[in-house]
Amino acid sequence: MMTAYAEKQHLEHKGRLESVKIICRERGVEVAVFTSPENICYLTGLDYEGYFALHALLVPLNGKPVLFARYIEEPTVVRQTAGIQFEGYRDTDDVAALIGSKLVSLSSKSARIALQRNNAAAALLEAPLRSKIPDVEIVDASGIVESLRVTKSAFEIEQIKRAATISDLMISTGLRVAGEGVTESSVAAEIYREMISAGGQCPGFPPFIRSADRISEPHTSWTDQALKRGAPLLLELSGCVNRYHAPMARYGYIGPASAAATRLSDVSQEAHIAALAALKPGCLARDVYEAWKKRLEPAQFIPRAPHCGYMVGLSFPPTWTGGPGVQSLHETSDMEIKEAMVFHLLTWITDGTNDHFLSDCVVVEATGAVFLTNASRELFEI
């Protein structure tokens with residue numbers, strides 16, 4: 001018997017698959033093939049680490065979706081998914097040929113098939129498809145599922161809020177254990193302990209814990225170096241619940257901060273709040289960026305990132321951005337902001353000598369965006 005949570009999750013997946021079929025009908029597509037972990041998980045609930053091998057979810061207009069994965073994954077697929085036909089393959093099999101043969105049985109001779117091309121698996125599948133179905137017309141399925149993932153359901157926002165609570169706990173733990181002489185790796189160990197104890201999964205990115213001269217490295221994490229008095233410390237991390245993320249970052253110093261560093265923090269918070277206030281349904285992403293940038297210009301501080309945030313949600317390693325590409329709040333983006341979008345809103349600036357980094361997970365509601373992560377945004381001094 002399904003739990004209440006499992007029943008709710010099953011209804012979510014059933015509705016998402018129906019939405020995909022509606023889009024396919026509108027485009028004259030008989031079968032859509034999806035290969036990215038995020039899209040397959042979004043449609044079926046399959047959440048595990050087996051995506052290192054070729055996976056493909058075939059969604060026909062009629063009948064059950066068909067999932068191809070290594071045969072040893074069957075117990076996981078059976079337990080985690082419902083209403084899916086599993087096709088297991090062996091490592092010695094020609095997987096692309098097997099998928100091509102299945103597509104023959106699911107489509108007509110002059111089929112129109114949509115193949116997700118924004119994923120590396122597309123290159124492995126396209127040629128076999130053409131050889132199995134010579135008259136096939138292959139169109140790009142990229143964007144079909146991604147368009148559905150742009151706005152989040154109430155169920156998804158519930159997961160993100162749970163992740164945000166864990167993010168706040170992880171940050172507070174990092175600040176509690178950090179101090180002069182403590183190693184970055186020791187801070188990381190305690191953050192992981194808190195993350196796991198609070199019910200969090202392994203996130204798409206590991207916690208980015210950087211200090212001293214490594215502050216400007218955007219995607220590196222802890223080392224065994226000790227925290228030094230007077231040095232900056234950055235904690236950027238995310239809780240993860242059912243693959244949904246809520247990233248945030250806090251910045252400070254081991255010991256007292258300088259007046260220049262405090263000024264950077266003050267301006268960073270002003271820009272952060274300005275971006276939050278501008279993030280409303282109906283506006284464009286570039287409008288949010290403009291409101292954010294306007295608060296930085298009088299101080300002549302320089303942005304280190306090319307945006308002031310980006311969309312987040314369901315994601316697998318090695319990212320929490322949701323798969324290929326980054327849908328960000330940058331100066332030329334015409335992306336329309338909609339209710340139930342979720343962003344990692346961030347400000348990373350420098351005065352040429354000092355840096356400051358501040359970020360939060362936010363959700364767009366009917367009247368505007370609100371913070372989901374809520375640890376103190378003040379510059380910390382440990």
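**Domains and their interface**

Analyst: Over residues 16-150 the chain is 42% helix and 20% strand, and the end C-alpha atoms are 13 Å apart. Helices (H or I, at least four residues) and strands (E, at least two) are DSSP runs, numbered from the N terminus. The model is predicted: local features need pLDDT of at least 70, side-chain atom pairs count only at pLDDT 80 or more, and totals for chains, interfaces and linings use all residues. Residues are numbered from 1 along each chain as its sequence is written, and side-chain values use heavy atoms, without hydrogens and water.

User: Where does the name "Creatinase N-terminal" come from?

Analyst: An unreviewed UniProt entry lists "domain: Creatinase N-terminal" for residues 16-150. UniProt annotations may be inferred rather than shown by experiment.

User: What are the bounds of domain 1 and domain 2?

Analyst: Domain 1 spans 4-149 and domain 2 spans 154-381; such bounds come from an automatic or database domain assignment. Their centres, taken over C-alpha atoms, are separated by 34 Å.

User: How many residues does each domain give to the contact?

Analyst: Domain 1 gives 15 residues and domain 2 gives 14, where contact means heavy atoms within 4.5 Å.

User: What is the area buried between domain 1 and domain 2?

Analyst: About 1300 Å² is buried between them, with carbon and sulfur atoms giving 54%. Buried area is the accessible area (1.4 Å probe) that two parts lose on being put together, summed over both. On the domain 1 side, Tyr5, Glu38 and Asp47 lose the most area to domain 2, together 37% of what that side buries.

User: Why is the pairing of Glu156 and Arg16 called a salt bridge?

Analyst: The term requires a side-chain nitrogen of Lys or Arg within 4 Å of a carboxyl oxygen of Asp or Glu. Two salt bridges are counted between domain 1 and domain 2.

User: What makes Arg16 and Glu12 a salt bridge?

Analyst: Their side chains meet at 2.8 Å, N to O, and therefore fall within the 4 Å limit. Both residues lie in helix H1, four residues apart, about one turn of the helix. Side chains of opposite charge can pair when their charged atoms come close. The structure holds 14 salt bridges.
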